[in-house]
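Colleague: I would like to learn how to read a model of this kind, going from a single residue up to the whole fold. Could we take the features one at a time?

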Amino acid sequence: MTHTYKISGMTCGSCREKVEKSLRNVAGVTNVKVDLTKGEAEITMQRHISTEVLKDALKDHPHYQLSEKTHTMAPPMVDEEEKPWLETYKPVLLIFAYITGITLLIQAFNQTFDWMQWMNHFMTSFFLTFSFFKLLNLPGFADSYSTYDIIAKRWRGWGFVYAFTELALGVAYLINFYPLFTNALTLILMSVSIIGVLQSILNKRKIKCACLGDVFNLPMSTITVIENALMISMSAVMLVALV
């Protein structure tokens with residue numbers, strides 16, 4: 001459910017970030033979107049949270065005052081039980097099919113199948129494609145990512161950094177830039193990213209997956225785990241081969 005509240009006392013972007021960060025720390029809150037112009041906060045929660053609890057979250061910033069406005073139900077999250085599995089994950093499955101097909105086609109014209117080259121091409125396509133979708137709506141991706149990633153939960157700006165880091169990794173794999181460094185960074189980045197994904201799935205949180213940015217309404221599931229695990233495995237194999 002999503003409730004809309006009035007927030008007074010905000011004057012700048014820094015104020016908005018403080019309010020969003022404080023409200024996101026409330027147990028049960030899955031997402032917070034603050035409209036500085038309207039002076040409103042849209043809070044998505046797993047269960048009803050009293051206004052007093054939300055007010056208490058802003059106690060360290062007494063100049064920001066929260067009050068009730070309206071209560072509206074948010075559009076339901078796509079549920080694997082409500083829609084056919086194939087229809088739900090069609091976008092991400094198609095992307096993986098395209099990436100796999102194109103990279104295999106390149107190897108088909110080689111005399112021998114080069115696994116290292118194939119993985120390098122796969123990583124290039126993966127990061128360039130997935131970063132593209134994130135960059136289509138960067139603030140939207142940052143909001144979705146901050147609902148489950150262990151770093152983005154504490155600093156929303158990490159969502160912006162992460163999207164551009166994926167883009168940079170795609171370019172790095174494309175031009176074969178310091179492969180040892182590139183694969184090590186990928187291994188670290190994806191290993192950290194998968195922690196929040198696993199926590200959400202184990203806690204059975206029905207939240208939106210940000211892997212394709214804010215473009216598609218994909219629920220968090222084992223598909224997300226497989227996606228991250230695949231990148232971790234490939235970067236680890238390539239790293240071992242280089243060492």
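**From one residue to the fold**

Modeller: Let us begin with a single side chain in this predicted model: Thr165 has a relative accessible area of 17%, and because buried means under 20%, Thr165 counts as buried.

Colleague: In which helix is Thr165 found, and which backbone oxygen does the side chain of Thr165 reach?

Modeller: Thr165 is found in helix α7, residues 157-175, and its side chain reaches the backbone oxygen of Val161 at 2.7 Å.

Colleague: How should I describe two packed helices?

Modeller: Two packed helices are described by the angle between their axes and by the distance between those axes. Here helix α8 (residues 179-202) and helix α9 (residues 222-242) pack at an angle of about 155°, with their axes 8 Å apart. Since angles over 145 degrees count as roughly antiparallel, α8 and α9 are therefore roughly antiparallel to each other. The crossing in which α8 passes α9 is left-handed, and their contact, sorted by class, has 17 nonpolar and 8 polar residues but no charged residues.

Colleague: What span should the 12 residues of helix α1 have at 1.5 Å a residue?

Modeller: The 12 residues of helix α1 (residues 13-24) should span 16 Å, and the end C-alpha atoms are 16 Å apart, which agrees. The buried residues of α1 include Val19, Glu20 and Arg24.

Colleague: How many helices and strands are there in the protein, and what share of its residues count as buried?

Modeller: The protein has 9 helices and 4 strands, which run β-α-β-β-α-β-α-α-α-α-α-α-α from the N terminus on, and 46% of its 243 residues count as buried.

Key. Residues are numbered from 1 along each chain as its sequence is written. This is a predicted model: local features need pLDDT of at least 70, side-chain atom pairs count only at pLDDT 80 or more; totals for chains, interfaces and linings use all residues. Side-chain values use heavy atoms; hydrogens and water are left out. Axes are lines fitted to C-alpha atoms, for helices over the stretch in contact, and angles run from 0 to 180 degrees between N-to-C directions. Helices (H or I, at least four residues) and strands (E, at least two) are DSSP runs, numbered from the N terminus. Angles under 35 degrees count as roughly parallel, over 145 as roughly antiparallel, 65 to 115 as roughly perpendicular and the rest as oblique. A crossing is left-handed if the near helix is turned anticlockwise from the far one by less than a right angle, and right-handed if clockwise. Ala, Val, Leu, Ile, Met, Phe, Trp, Tyr, Cys and Pro count as nonpolar, Asp, Glu, Lys and Arg as charged, and the others, Gly among them, as polar. The expected span of a helix is 1.5 Å times one less than its number of residues. Buried means under 20% relative accessible area, exposed over 50%, partly exposed in between (1.4 Å probe, protein chains only). A polar contact is a pair of N or O atoms within 3.5 Å; within protein, one must be able to donate a hydrogen and the other to accept it, and residues adjacent in sequence count only if both atoms are side-chain atoms.
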